[in-house]
Every structure is written in C-alpha cells, then in structure tokens.
Amino acid sequence: MAEAVFVVSAVIILVGAVGVVASRNPVHAALFLVQTLVGVAVLFVLNDAHFLAAVQVVVYAGAIVILFLFVIMLLGVDKAEELRIEPIFGQRPLAAVVGAALVAVLGTVVITGADVLTGLRRAGGDRALDGDATDIERMGRVLFSEFAFAVEITAALLTVAVVGAVILTRRTSRSDGSTSAETTVRET
Amino acid sequence: MSGTLVLAADPMLAGDIGLVEVVLTLAKVVVAFAFLLVAVMLMIWFERKLLGGMHQRFGPTIAGPFGILQTLADGTKLFFKEDLVPDRSDRFVFKLAPYLSLIPAFLAFAIVPLGGDFNNAGQVEWWGRTTYLQVADPPIGILLFLAMSSVAVYGVMLAGWSSGSKYPLLGSVRASAQMVSYEAALGLAVASIVLVTGGLSTHDMVVAQAAEGYFGIIPRWNVIVTGLVPFIVFMIAGTAELNRPPFDLVEAEQELVGGFHTEYSSIRFALFFLAEFMNTITMSAIIVTLFFGGPAGPVLVSEVGGVGIAWAWGVVWFFLKLFVLLFCFVWMRATLPRFRYDQLMDLGWKALIPVALGWFLFLTALDVGREQGWSEAAVTVVSLLVFAGAALLLVRAVRSGRGIRDSEAARADEQSDPVEDRA
C-alpha cells in the first residue's frame, strides 16, 4: 500500500517537475509546480507528517503559487518565452555543471545512505515522530521551547520585510512635487 | 517510510481493513455526494423562492409543485446547450477550471460530521463495526477545509485567465485577491475554535460541544464558549470566501459582464453554478460543526420497535441547524447591497484580521490564566484593556495614514503640471 502510494506520487512529482522546466507558457509552468507541491504533500502524509502536508497545500499551493500567477497575469508575460537568447553570459554551461554536481550528490546519498555526507542517519534524531503525540503537537512544543528565539527572530524578519516593501513601493511626494522613488533614482 | 497509513481517527479504520470496511466507506462517500447534489438542487430552488418572497414576487412556480423541479429543468436545458470554447482560450486549462472549483467543494464536505449520538461520543455500530457518521476524520481535521478553500481559488483564477478575454480576467483577479485576503481572517477564526477544543479533528470539536452546558439549558456550543466574535468574523469571511452577496463584486454584472465565467456556457457553466452552491452548503455545514455543535443534541426517542435510532437524532439536529444557516445566507443576499472593492479590502485587512487576532490572543490569555490559577475577572479586564488600547492605536494609525495619503494626493493634484514635471 505505502509503496504503491509512494510510486504514484513520485511519478506525479517528477512529471510536474519536468513540466515546470519544459513548458513554454509561464502559467502552465506554475500549474505543474502545483502538481509537484501536492505530490510532495502526499509524501508527507505517507510519512505521518499530516500537519506538514496541510501547510504544504495551504501555504505553497494556496498562497505562494497564487502569488506567482498574480504576477504573471498582471505583468502580462503569459506568452510563450523566447528561449534562444541567453540573459546572462555563460548561464547555460554553468547550469549544466551545477545540475551534474547535484545529480552526483543525490546519487551518492541514494546509493550509500545519508550518513556518508552528513553523518546523520535520520533527520530529527530522538525527536522522530513515533510517540503518541501528533506531529503538530510535537512541532509546536519544539518551536516554542528549543527554537523560541529562532521563531521570534523569523517573525521580526518577516515584519521588517513587509514594512520595507511598503516603504519602497509607497510614493510619498516631496515639497518639489517629485516622489521619493524618483528622488532616490536621481540621487544615485 | 512508515509501513502504515494513518488516514483517519475513525475507529473502524484503526484495525484490519477488510471488505466490510471498504464497502462502508464507499457507501459513506456515495451517500454524502448524493446528499450534496440533492441539497444543491433544493438549495437553488429554496434561494430563488425565498428571494422571490423577500422581493414580493413569486419566484419559480411552473416546474413541479411550488416550482421545486425548476433546478432540474434548468440543468437539463444547460446540458443540451451548445458547449462553446472561445477561440483565444487556453483549451486545456479552460476545460480543467470548472472541476478545480467543484472538487474542493465536495472534499471539504467530507470532514463534516453528519449524524450520530454525541451523548455517546458520536459512534454508531453498523455490521459489528464502530464508526462515525462522517466520510473522513483526518488528523489534520479542519485544516483540510482551509486547504480546500485555498485550492478552490485556482478554479476561479484559471477560469478567468484561460478564457482569453478581458472581463473574465479582471473578474478572476478580483476574485482571487478577495479569496486570498479573507482566508487569513477565516483561519484566525478557526484558530480560536482549535484553541478551545485542543485539537484539529472536527469530530473532537463536536464531542467537546456536546458536553454539559451552562445552567442545564444553554448548550456548550463554541459560538458561546468563544464569545460570539470568532463566529461573526467567520460568517463575514466565509461569505466573502464564497463570493456571495454582499461580497459578489467578482461577478458584478454592471462592471464585469459576468465575471470569471463570462465565456463559459452549457455544462461547464453548470459546473461552476453547482460548485458555487455546493460551497455555500459546505460552508454552512462547517459553521454548524465549528460553532453550533454539529449533530450534537438531545435524543428524544432512542428506540423504535427495538431498533436503536439514537444516531438519527444527530442527523435531524444537523439538518435543522444547516437549514437555519442557509436561510441566513439567503437573507443576507436579499438584504445587503454590494460592497465597493476598496471597502471590501478595508473590511478584510483593517477590521476582520485585527479583531480575529486580538480575540484569539484574549482567549489564549484566559486559557493561560485558568491554567495558572489567576483570577478570571482580572485576566478579562486586563486583556480587554489591552485589546481596546491596541484597537485605538490601529484606528489612529489607519486614520492618520489615510489623512497623509489624502493631503498628498491633494498636493500632487495642485502641483503636478505634467509637462513641467517631466522637463
């Protein structure tokens, strides 16, 4: 049962991943991305990480890709891409090298087991999810005890990012009638 | 990878899964789906009839007694109409979009407890198997509903985009912005319920609400336990999430022709229509589950002719509550005029989200106070003072922000002489 679910969702994930890269229309690429994300959510369920699966769908599929689609639709770039021009010089050969390196690393991990590279056999160690508590309960406990500072700092970082984005996009006019964005451009 | 798949807390699925379990589960799915389809049919008729009554006209009268078969007639008509796919559309996505609207509406319904005797933990015994009267009770419970409502955005968004036409695109951008905005308020209202229940499972929520109430007569429903505010927030955000009036500017006919489904015809349009009403029923069912105790209620007659019918009372109470909520949705539609787009966004971001968040923190403070043995009155007074202070700050911030914006706009109008400025 578990193996069958794994194989089916792996196929879904891989087809989606190839589709993201291969499709010429950005909206189609975003839809393939959703397919991959939902497939990963199924894998989370398979590993008893129900909460992660739900968050995967709510946050990634429900918010982030929707945001991508918004940008694609509002900027009107939903046309097939011109692929012959290389935006950055040397981008393609470099991508090939990095891709080959990634395949080599993943291949090593799969063939020899994870501990060769990281020394870790399973992520989480003694916090692995085999007790009675649900994953959401354990995650909450860990996040608000051991990693409380990390959580708070992340929250502060996100707030800073939001405030920064608002300040950057807000057009406040100066006394000379120009907007702050224009002034910055002139000064630099 | 763990060898077992934990899909539900349903006791029937805890042990070995044989033929009986599979058949029972399939039967539940079929019954729930059939119920939803029939309910949609009746709901469309009910809404039109009730709107007619409230507008002082008749509503449907021709097909069947009281026009009750009107939906069937409309459905048949739509089915036999020509199915058009616009020339400039993205054909595959255009055909996919209606299903992306419809399927989440049904999936979210799967977590609603439909019946059962909740004086006895809501369990029923059929063919020697103990089970719940709900299609699924997944560990993520109510999060499934939130996930489905965020997936439902795709149906609307892609329908508008793939039509390859201006008005549908504008309508779909509006719709998805609205749905994404109100999801946050919806989630915060749900968080209050999760807090008082102590778990995500919808079944547990109903069990908690079925407990002994106050003074022997007032039920322990979450609408009372959480102090009404989350319910109001959820009701408003839910209406906006459904794109129903007064938040139906997605398909504002005067501005956008028909909104995201302008280019749809025949059976594909019928699917959108079906999804819309299915979503209304699902949302009402979720509200009943979260705030009004779902199928929990007294058992008046526990046996008829030696057959236990205690579980059936749950179904009766559930339908009564569902009916009242559906009536309220139609009532709101008949009463309230449509919002403007900026009013909609203001209400969502500047009123509902802060109120829901503040109330959630208040409930948390009460909970912590109870655990630490603090005086409940003191906690309440201090929290409400903090709440009021924060509200005051927020109102001032919004007002001064608006003031600055207005004065800037006025100054810009005064000074900007476009030709001179460019030079």
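1. The model is predicted, so local features need pLDDT of at least 70 and side-chain atom pairs count only at pLDDT 80 or more, while totals for chains, interfaces and linings use all residues. Residues are numbered from 1 along each chain as its sequence is written, and chains are lettered from A, with ligands numbered from 1, in the order in which they are written.

2. Chain A has 8 helices and 0 strands, where helices (H or I, at least four residues) and strands (E, at least two) are DSSP runs numbered from the N terminus. Of the 188 residues in chain A, 14% are buried, that is, with 20 or more other C-beta atoms, placed from the backbone, within 10 Å of their own.

3. In chain B, the axes of helix 5 (residues 166-197) and helix 12 (residues 341-372) come within 9 Å and cross at roughly 15°, the axes being lines fitted to C-alpha atoms over the stretch in contact, with angles from 0 to 180 degrees between N-to-C directions. Helix 5 of chain B is therefore roughly parallel to helix 12 of chain B, a term for angles under 35 degrees. The residues of this contact divide into 19 nonpolar, 5 polar and 2 charged, with Ala, Val, Leu, Ile, Met, Phe, Trp, Tyr, Cys and Pro counted as nonpolar, Asp, Glu, Lys and Arg as charged, and the others, Gly among them, as polar.

Conventions
A residue is buried if 20 or more other C-beta atoms lie within 10 Å of its own, exposed if 12 or fewer, and partly exposed in between; C-beta atoms are placed from the backbone. Angles under 35 degrees count as roughly parallel, over 145 as roughly antiparallel, 65 to 115 as roughly perpendicular and the rest as oblique.
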